[in-house]
Amino acid sequence: MRRKLITSKYYLNSSPKLKLALVTDLHEQNPDQILKKLSLSKPDLILVAGDTMERHEPGHGCTMEEIDSYQTLSPNWTRFCNLLKGFHIFLRSLRLPVKEDARYAHKFLAGASKIAPVYLSKGNHEWYFLPEDYAFMKKHHITILDNADCEVTIKNHFLRIGGLSTKHDISWLKEYGKKDGMKILLCHHPEYYPRFILNDGDPFDLVLSGHVHGGQWRIFGHGILAPGQGFLPIYHHGRYGKMIVSAGSANPSILPRFGNPTELVFIYL
């Protein structure tokens with residue numbers, strides 16, 4: 001079922017000079033609504049904070065135990081994820097369609113790159129990229145920030161943009177935090193914010209996250225559950241100090257949303 005995509009706006013400057021778009025958690029679903037809104041809104045930069053593709057199957061240089069160890073999942077959440085994986089295997093046995101290619105992700109990235117420069121960091125569903133993914137992104141001038149940062153000048157404004165991947169590199173993160181200028185961090189996991197960022201003096205001007213899908217079900221404005229945070233998560237949707245958490249742009253069919261529309265975020269600097 002296609003769900004209406006809402007737009008959320010955050011003003012960090014009373015006289016904004018730049019307009020940033022934040023897209024998270026597409027999960028290889030149809031991006032037409034997002035591209036239409038982006039095209040009409042004309043942001044200066046498009047920042048993609050993880051889980052655009054589905055690149056997390058074991059056997060491609062990773063194991064589920066390794067992935068879980070980076071996310072510090074609780075035993076109950078790991079069991080729940082294993083249940084979903086079992087359902088995924090069941091669908092494959094019935095030859096029903098599952099999201100394993102990158103057709104929609106590539107469509108989104110190609111379309112977005114025609115609207116504004118695109119910077120992408122990797123999420124837990126993007127544990128690896130295939131050679132064709134890298135070739136595609138190079139062709140469309142998309143910057144991958146895999147525990148890496150870069151300098152950007154847009155409308156005569158200098159920014160630094162970095163991306164902390166699920167397979168995090170804390171040494172890089174600390175070095176990035178010491179650099180001068182306005183620093184934006186794409187960090188797919190909001191639970192990394194108290195673990196690695198607040199504990200290090202909160203050196204970034206803006207942290208952009210997703211991952212938790214708004215808590216998946218929202219009751220009285222609060223998310224119900226999130227990987228890495230568990231039941232009634234603290235960081236589920238909205239602004240928390242310097243961090244903005246998007247509810248994500250996908251509607252996963254295995255675990256439908258409730259009271260929780262998909263979202264495109266705009267940030268005004």
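**Aromatic pairs and charges over rings**

Student: Why are Tyr 192 and Phe 196 separated by about one helical turn?
Tutor: This is a predicted model, where local features need pLDDT of at least 70, side-chain atom pairs need 80 or more, and totals for chains, interfaces and linings use all residues. Numbering starts from 1 along each chain as its sequence is written, and side-chain values use heavy atoms, without hydrogens or water. Helices (H or I, at least four residues) and strands (E, at least two) are DSSP runs, numbered from the N terminus. Both residues lie in helix H7 (residues 192-197), so the reason is their spacing: four residues apart.

Student: How many aromatic pairs does a search of the whole structure find?
Tutor: Rings of Phe, Tyr and Trp (its six-membered ring) pair if their centres lie within 6.5 Å; planes under 30 degrees apart are stacked, over 60 edge-to-face, the rest tilted. The search finds seven.

Student: What is the centre to centre distance for Tyr 192 and Phe 196?
Tutor: The pair is edge-to-face, with 65 degrees between the planes. Centre to centre, the distance is 5.2 Å.

Student: How many residues apart are Tyr 193 and Tyr 235?
Tutor: These two form an edge-to-face pair, 6.1 Å centre to centre, at 85 degrees. Tyr 193 is in helix H7, while Tyr 235 is in the loop between strand S13 (230-231) and strand S14 (238-240). The separation is 42 residues.

Student: Which ring does the charged end of Lys 19 sit over?
Tutor: The test is NZ of Lys or CZ of Arg within 6 Å of the ring centre and within 35 degrees of the ring normal. Lys 19 sits 4.9 Å from the centre of its ring. That ring belongs to Phe 266.
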